[in-house]
Amino acid sequence: MNDLLFNIVAALVKILIFVHIALILGAYMTLAERKVSAWMQDRIGPNRVGPAGLLQPIADGLKFLFKEDVVPGHVEKVLYVLAPALTLVPAFLVMAVIPFGPPVAVLGRQVPLVIADLDVGILFVFAISSLSVYGITFAGWASNSKYAMLGGVRSSAQMISYEICLGLSVVGVFMAAGTLRLMDVVVAQADGTWNVFAQPLGFLVFAIAAFAETNRLPFDMPEAETELVAGYHTEYSSMKFAMFFLGEYTAMFVFSALVAVLFLGGWDIPLVSEATLRGLGNWGAVLGFLSFMVKALAFLFFYVWVRWTIPRFRFDQLMQLGWKVLIPIALLNIAITGLLHLGGG
Amino acid sequence: MGKVVERKPLKWYEELYLPAILSGLGRTFRQMFKPDITLQYPEERPEIHDDYRGAPGLVRDDEGREKCVSCQLCEFICPPRAILITPGEIREAAPDEKAGPDNVEKAPKEFFIDMLRCIYCGYCEEVCPEEAIFMTNVYELNGSTRAELVHDKDKLYEIGGTRVDPIKKWKGK
């Protein structure tokens, strides 16, 4: 088998596997969120569909498929149809650069567990993930209704401001690693300390900005059920609504994965060095993959945990926090990291 | 006179809000392991006290006699006029027959309570001189037609059942 064919097949297999991981996780995240929410409120949660409610996401999906797809008469048709796709697609595209584990050996070749091992991985993430704001803004605009419009406008303002501190907070990570390639960032952490301990300020800012980027409580201003009905997706129904939903949950998974990669050491297992892990061959890759998933799922749990702890911010508080607090902290983090690595890091 | 609550200025670490958020996270986390209070309704039922003011029912005494003498006081007191009673006749007793419920007292020939009208006020129970009608702890009433929810005599005795009480009206007669 020649190299080109091998690479194409390997890429296709990886795309299939990773996209399905994201899809299934996205679906089951809805169940997990409802279950954890229920536990935190002393309830039981969904338990009727299948054993312990495990088939609930399938029932929900079927329901979305068979619902009537209403397109209200007052909408801007083209943008209205385009918007759900614009939120869903970027969330999946970002998956391309996330390293899921150490390289595996297949047929004597090393295959990295990432779909596209870009030199500028993190730039790709920011470039693509910020596109999803267009989906939300278009949805708000095209719906031609006041609640959707307000949700869309809030979303664009919020995401543009939080994009800045999101970007600034990871600068320190790349100063420490000396590269923008996400695989190398993980290896650098595996050999040194995890960035969450080396740069707690950067982690704090990134985590907060990640909540704002994915429109999750306490920053879910675009949806804000209590004030805006359902915000930008008020006028959507059926599968189009499901696409917004899926886009949101996929984005949550992507950002959890990014937190794992950038700050929690990616596939690194505490007390096990990178060399030992690679020495185990493919079993090492499996262990690394599991370690990575545990970290990403833990952060997904954190998303739900925070949702029931902190109430929604007011919009001006949100902007104040973003511009007056988080950006200076992120800059401070860059300065501290720069000073620490002055010697020759 | 109102109490003046002193508002202390926040300390520097309190102004960060992080300690408050952390303690809040701890609170929600601990909450996850507390027992759930949800009842799985059709399978699990809440415990209803005997004094619950649910559907009214007619009762029999410990020897299976109807206690209601169809005096119709409940029919008159009922605020939404949910009760409709048709009194029965007293049977002529044979000359040497002992006194019994069917030859001394009247019993209702028909007794209807329209549960769509009933407001569960309990006046019927209060007014009854014979202690023959009681509010029970039956709380599940449903039917697919309106007629099903007009309880007739059989249904009312089924709901009320037997009530043993210390006054033995027929003892020694």
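1. **Ground rules.** Residues are numbered from 1 along each chain as its sequence is written, and chains are lettered from A, with ligands numbered from 1, in the order in which they are written. Since the model is predicted, local features need pLDDT of at least 70 and side-chain atom pairs count only at pLDDT 80 or more, while totals for chains, interfaces and linings use all residues.

2. **Confidence.** The model scores ipTM 0.70 and pTM 0.78. Helices (H or I, at least four residues) and strands (E, at least two) are DSSP runs, numbered from the N terminus. In chain A, helix α10 (residues 225-228) has the lowest mean confidence, 70, and helix α2 (residues 56-66) the highest, 87. In chain B, the lowest mean belongs to helix α4 (residues 101-104), at 68, and the highest to helix α3 (residues 73-77), at 93.

3. **Where the chains meet.** The contact (C-beta atoms, placed from the backbone, within 7 Å) takes 9 residues from chain A and 11 residues from chain B. On the chain A side there are 6 nonpolar, 1 polar and 2 charged residues. Here Ala, Val, Leu, Ile, Met, Phe, Trp, Tyr, Cys and Pro count as nonpolar, Asp, Glu, Lys and Arg as charged, and the others, Gly among them, as polar.

4. **The cores.** A residue is buried if 20 or more other C-beta atoms lie within 10 Å of its own, exposed if 12 or fewer, and partly exposed in between, with C-beta atoms placed from the backbone. A nonpolar core is a set of buried Ala, Val, Leu, Ile, Met, Phe, Trp, Tyr and Cys residues joined through C-beta atoms within 7 Å. The largest one has 94 residues, and those with the most contacts inside it are A:I98, A:F206, A:A209, A:F253, A:V254 and A:V259. Helix α11 (residues 238-262) of chain A gives the most to this core, 17 residues. A second, separate core of 20 residues includes B:I83, B:C124, B:C128 and B:M135. Leaving aside neighbours within four places in sequence, A:V259 touches A:F206, A:A207, A:A210, A:L264 and A:F299.

5. **A covered helix.** Helix α7 (residues 182-191) of chain A is mostly covered, with 8 of its 10 residues buried. Among the buried ones are A:L182, A:M183 and A:Q189. Their cover includes α4 (121-129), α6 (146-177), α8 (195-198), α11 and α12 (274-279) of chain A.

6. **The sheet in chain B.** β2(B) and β3(B) pair over 5 bridges, and B:I85 has B:F111 in β3(B) as its bridge partner. Strand β3 (residues 108-114) of chain B is joined to β5(B) by 2 bridges. B:D114 has B:V150 in β5(B) as its bridge partner.

7. **Two loop residues to look at.** A:D42, in the loop between α1 (3-40) and α2 of chain A, has a positive phi of about 60° although it is not a glycine. A:D42 counts as partly exposed because it has 13 C-beta neighbours inside 10 Å. A:N144 lies in the loop between α5 (132-143) and α6 of chain A, and its phi is also positive, near 55°. With 16 other C-beta atoms within 10 Å, A:N144 is partly exposed.

8. **An exposed leucine.** B:L18 lies in helix α2 (residues 18-31) of chain B. Is B:L18 buried or exposed? B:L18 counts as exposed because it has 11 C-beta neighbours inside 10 Å.

Notes
Contact = placed C-beta atoms within 7 Å. pLDDT = per-residue confidence, 0-100. Pairing = 2+ DSSP bridges.
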